Amino acid sequence: AHGRQCHRQQQREQASGPGSGTGSGSAGPEPPEPSLLRFLVCPLSKRPLRYEETTNELINEELGIAYPIIDGIPNMVPEAARKTHKKPPAEGSEQA
């Protein structure tokens with residue numbers, strides 16, 4: 001029964017066809033729509049963002065934060081962003 005189930009799933013993935021962009025069986029993270037990137041700005045600074053393909057994130061160099069892209073959709077909520085600054089925090093000034 002297990003072999004048949006796998007075969008059925010394969011057929012479904014093939015039926016969606018290459019380039020449809022809707023399959024969850026893609027090899028890597030799904031990038032955002034390129035035409036959309038021109039219009040996206042950081043909600044905090046209102047400055048343009050840079051798309052980083054290696055991490056699949058939108059980077060704000062000025063503030064040192066990166067917004068994740070999940071299933072091709074940028075998560076532009078400031079709380080979801082991670083800090084990208086490489087320098088270690090100063091001693092005694094740990095902020096959460």
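1. In strand E4, Ile 73 is the bridge partner of Ile 70. Strands here are DSSP runs of type E with at least two residues, helices are runs of type H or I with at least four, and both are numbered from the N terminus. E4 covers residues 73–74 and is joined to E3 by two bridges, the strands running antiparallel. Two strands count as paired if DSSP finds at least two bridges between them. E3 and E4 make a hairpin with two residues between them, and Asp 71 in the turn has a positive phi of about 55 degrees.

2. On the source: this is a predicted model, in which local features need pLDDT of at least 70 and side-chain atom pairs count only at pLDDT 80 or more, while totals for chains, interfaces and linings use all residues. Residues are numbered from 1 along each chain as its sequence is written, and side-chain values use heavy atoms, with hydrogens and water left out.

3. E3 also pairs with E2, in the antiparallel sense and over four bridges. Within this pairing, Leu 58 has Tyr 67 of E3 as its bridge partner. The E2–E3 hairpin has four residues between its strands, and Gly 64 in the turn shows a positive phi of about 70 degrees.

4. A further antiparallel pairing, over two bridges, connects E3 and E5. Here Ile 65 has Lys 83 of E5 as its bridge partner. Thr 84 lies in the segment after strand E5 (82–83). With a relative accessible area of 18%, Thr 84 is buried; buried means under 20%, exposed over 50%, and partly exposed in between, using a 1.4 Å probe and protein chains only. Not counting residues up to four places away in sequence, Thr 84 touches Gly 64, Ile 65 and Ala 66, where contact means heavy atoms within 4.5 Å.

5. Which residues form the largest nonpolar core? There are nine: Leu 40, Cys 42, Leu 49, Leu 58, Ile 65, Tyr 67, Ile 69, Met 76 and Ala 81. Strand E3 (residues 65–70) gives the most to this core, with three residues. A nonpolar core is a set of buried Ala, Val, Leu, Ile, Met, Phe, Trp, Tyr and Cys residues joined through side-chain atoms within 4.5 Å. Leaving aside neighbours within four places in sequence, the contacts of Leu 58 include Leu 37, Leu 40, Leu 49, Ile 65, Tyr 67, Ile 69, Pro 74 and Met 76.

6. Glu 57 is in strand E2 (residues 57–60). Is Glu 57 buried or exposed? Its relative accessibility is 7%, so Glu 57 counts as buried. The side chain of Glu 57 makes a polar contact of 2.8 Å with the side chain of Arg 82 and another, of 3.0 Å, with the side chain of Thr 55. A polar contact is a pair of N or O atoms within 3.5 Å; within protein, one must be able to donate a hydrogen and the other to accept it, and residues adjacent in sequence count only if both atoms are side-chain atoms. Not counting residues up to four places away in sequence, Glu 57 touches several residues, among them Arg 50, Tyr 51, Glu 52, Tyr 67 and Arg 82.

7. How many salt bridges does a search of the whole structure find? The search finds four, a salt bridge being a side-chain nitrogen of Lys or Arg within 4 Å of a carboxyl oxygen of Asp or Glu. Arg 50, Glu 52 and Glu 61 are linked in a network of salt bridges. The closest N and O atoms are 2.6 Å apart between Glu 52 and Arg 50, and 2.6 Å apart between Glu 61 and Arg 50. Because Glu 61 lies in the loop between E2 and E3 and Arg 50 in strand E1, this pair ties together parts that are 11 residues apart in sequence. Arg 50 is partly exposed at 36% relative accessibility, Glu 52 is partly exposed at 21%, and Glu 61 is exposed at 52%.

8. Another salt bridge joins the side chains of Arg 47 and Glu 62 (3.3 Å, N to O). This pair links distant parts of the chain, 15 residues apart: Arg 47 is in the loop between helix H2 (34–37) and strand E1 (50–52), and Glu 62 is in the loop between E2 and E3. Arg 47 is partly exposed, with a relative accessible area of 47%, whereas Glu 62 counts as exposed at 54%.
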